[in-house]
Amino acid sequence: MSVLATPSPDNTRARLIVDLDAVSRNFKALQKLSPNAETSAVVKANAYGLGAGPVARRLMKEGARTFFVATVEEGAEVRKALGDAGPDIWVFSGYRAKDRPLYAKHRLGAVLNQPGETAQFRQNPVGPCAVHIDTGMARLGYGAGDISGLLTALQSLDVSLVMSHLACAEETASAQNIRQLERFTALTNALPDTRLSLANTGGVLLDERYHFDLTRPGIGLYGATADLNADNPFEPVVTLQAPILQLREIDAGDTVGYGASYVAQSPRLIATLSAGYADGLPRALFGSGCARINGLRAPIVGRVSMDLTMIDVTGLQQDIAQGAVPEFFGPDLYQAAALDGTLPYEILTGLGARAERIYKGAP
Ligand SMILES: *Cc1c(COP(=O)(O)O)cnc(C)c1O
């Protein structure tokens with residue numbers, strides 16, 4: 001077992017490369033898929049971990065006029081990035097009177113999810129409001145039984161959007177979609193004439209009956225869908241580059257990593273990378289996951305540790321010597337999500353707590 005010269009001695013920090021040009025192309029693809037509706041941008045959870053400021057700024061440049069966040073704090077951050085004269089920003093989580101100063105200061109739009117919120121909002125309205133009705137998810141929103149009272153409560157309010165959310169949008173054959181579509185149509189018939197919104201990314205991909213006036217895609221912008229088995233019409237946006245900290249030759253019988261769980265069957269060349277599960281690399285990648293070096297597969301060997309991951313780079317020495325840096329995710333995001341038993345959403349939002357974020361394309 002012997003250590004070779006380190007190929008990139010100066011760079012020890014992982015980098016999360018976010019391709020804003022790809023985000024912009026995904027936005028345009030979503031617009032094309034629903035040409036009769038406005039395409040908004042969901043940038044909650046720091047734009048699914050990719051950086052709400054740069055992502056929202058770029059999408060505003062591409063023509064996005066409506067944004068959604070989960071919390072008022074996220075809304076304040078996106079407003080700072082977009083400027084006071086910028087597009088509308090709606091807050092999903094609901095209205096609390098104590099947050100009124102933040103709504104006013106950052107010109108955020110309240111989404112009213114239940115009678116108590118509407119009552120608080122009516123006492124001292126701040127701008128136009130949106131109403132969320134539940135059509136089959138039992139998560140947020142007015143229930144069918146609350147609708148009659150809603151009509152009275154909304155009198156004298158400036159309601160600019162009525163929305164609901166699909167539970168099974170990625171399952172194209174699910175009867176739940178039709179059920180929710182029918183409920184949404186029936187319930188909104190009773191409400192004042194206003195813009196309607198039902199579709200997230202999966203809803204955009206269903207068909208035009210789900211598009212209404214405004215679509216609310218998130219994950220599609222960031223290069224994925226919720227269905228790991230379907231064709232993905234979106235472009236990958238995120239790559240985690242992990243520099244090589246050490247390079248070593250090991251012999252047959254040598255072990256790698258915690259638990260000595262990998263045993264080399266033959267002499268191998270092993271690279272230790274500066275990224276681990278604290279950077280969002282799922283531990284479940286051990287066994288079948290890989291990094292890419294110049295697009296070539298380099299299998300993960302040994303368990304992923306908190307800060308470090310070892311990969312088998314046998315045969316890739318020349319690429320490494322020429323400066324190629326190992327990369328995770330990119331086109332392998334779906335595979336990583338499948339191995340981790342999760343979805344691209346969870347992988348993306350878990351990335352980049354420590355990595356340096358680098359943006360490709362102007363924000
Ligand atoms: C997160 C969210 C979206 C975006 O969903 P994607 O599946 O990422 O497109 C849309 N609407 C609501 C209410 C959400 O919470």
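Three cavities of 30 Å³ or more were counted in the predicted model, a cavity being a set of points, on a 1 Å grid over the protein atoms alone, where a 1.4 Å probe fits but cannot get out. The largest cavity holds about 50 Å³ of space, the volume being that filled by probe spheres set on the points, which are joined across faces, edges and corners. Its lining (residues with an atom within 4 Å of a point) consists of Leu285, Gly289, Cys290, Phe328, Phe329, Asp332, Gln335 and Ala336. Strand S20 (327-329) and helix H11 (333-339) each give two or more residues to this lining; helices (H or I, at least four residues) and strands (E, at least two) are DSSP runs numbered from the N terminus.

The model is a prediction in which local features need pLDDT of at least 70 and side-chain atom pairs count only at pLDDT 80 or more, whereas totals for chains, interfaces and linings use all residues. Residues are numbered from 1 along each chain as its sequence is written, and side-chain values use heavy atoms, with hydrogens and water left out.

Helix H1 (residues 20-33) packs against helix H3 (residues 52-61) at an angle of about 50°, the axes lying 10 Å apart; axes are lines fitted to C-alpha atoms, for helices over the stretch in contact, and angles run from 0 to 180 degrees between N-to-C directions. The contact (heavy atoms within 4.5 Å) involves Leu20, Asp21, Val23, Ser24 and Phe27 of H1, together with Pro54, Val55, Arg58 and Leu59 of H3.

Conventions: 1 Å grid on protein atoms, 1.4 Å probe; cavity = no way out; pocket = protein on both sides within 12 Å on 5 of 7 lines; lining within 4 Å.
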